Amino acid sequence: MDEADPRELQSLQYYLNEYGQQAEVFARQLEMLEQQRLESLAAVETLQSLGGAEDGTVLLPLGGGVSVRVQVPDPDQVLVAIGAGVTVGQSSAGAVSYLEDRARELEASEKKLSETIEKIRAQMNEIAARLDAAYRQQQTAPGR
C-alpha cells in the first residue's frame, strides 16, 4: 500500500462513524423489541394464571411499586390492543394465542436485527483495520 491518501482516511473515518451510529440505533431498537416480547410473555403468564385465581382476586399494579387487590368479574373476556389505538375484546384463550404469535414475530425480528448489527460490526472492524494499517504506515513512512 502506498502512502495513505488523507481523503481516503477521512472517508474511512466518516464511514466508521456512520456505521457506529447505525449500530447504536439498531441496538436501541433491539432492546425495545426484547422489552415488547417480554411484556407479551408476561401477559400470557398473567392471563393463564388469571383463570385459576380463587374468587377472581388479583393484584393490579398501579405503578411506583404500588398494587391493589381487585376482583375480575369475567376473567375469560379481556381487551387486547392490536395497534394504531385499536382495542378489541377477546376470550382469554384468544388473547393468549395472539400474544404468543406476537412474541414469536418479535423474536424473529430480533434475530434479523441482531444479524444486521453483526454485519455492521464486521464492516466496522474491517474499516478500523484499514484505518489502523494506514495510520501505522504513515508513522513508519520515511521522513516522518
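Arg136 has a relative accessible area of 54%, over the 50% cut-off, and is therefore exposed. The model in which this residue is described is a predicted one.

**Salt bridges**
- The salt bridges number six.
- Arg136 pairs with Asp132, and their closest N and O atoms are 3.2 Å apart.
- Both Asp132 and Arg136 belong to helix α2, where four residues, about one turn of the helix, separate them.
- Asp132 is partly exposed, at 36% relative accessibility.
- A network of salt bridges with shared partners joins Glu34, Arg37 and Glu110.
- Within it, the side chains of Arg37 and Glu110 meet at 3.0 Å, N to O.
- Because Arg37 lies in helix α1 (residues 6-50) and Glu110 in helix α2 (residues 92-140), this pair ties together parts 73 residues apart in sequence.
- Arg37 is buried at 16% relative accessibility, and Glu110 is buried at 11%.

**Strand hairpin**
- Strands β3 (residues 77-83) and β4 (residues 86-91) run antiparallel and are joined by six bridges.
- Leu79 has Gly89 in β4 as its bridge partner.
- Two residues lie between β3 and β4 in this hairpin, and Ala84 in the turn has a positive phi of about 55°.

**Surface patch**
- A nonpolar surface patch consists of Leu60, Leu62, Val66 and Val68, which together have about 320 Å² of accessible area.
- Strands β1 (57-63) and β2 (66-71) are the elements that each give two or more residues to the nonpolar patch.
- Val68, found in strand β2, is partly exposed at 30% relative accessibility.

How values were computed
Residues numbered from 1 in each chain as written. Predicted model: local features only at pLDDT ≥ 70, side-chain atom pairs only at ≥ 80, totals over all residues. Heavy atoms only, no water. Patch = residues over 30% accessible without salt bridge, like charges linked within 9 Å, V, L, I, M, F, W, Y side chains within 5 Å. Areas by Shrake-Rupley, 256 points an atom, 1.4 Å probe, with all protein chains shown as cover. Salt bridge = Lys/Arg side-chain N within 4 Å of Asp/Glu carboxyl O. Buried < 20%, exposed > 50% of the residue type's maximum accessible area, 1.4 Å probe, protein only. Pairing = 2+ DSSP bridges.
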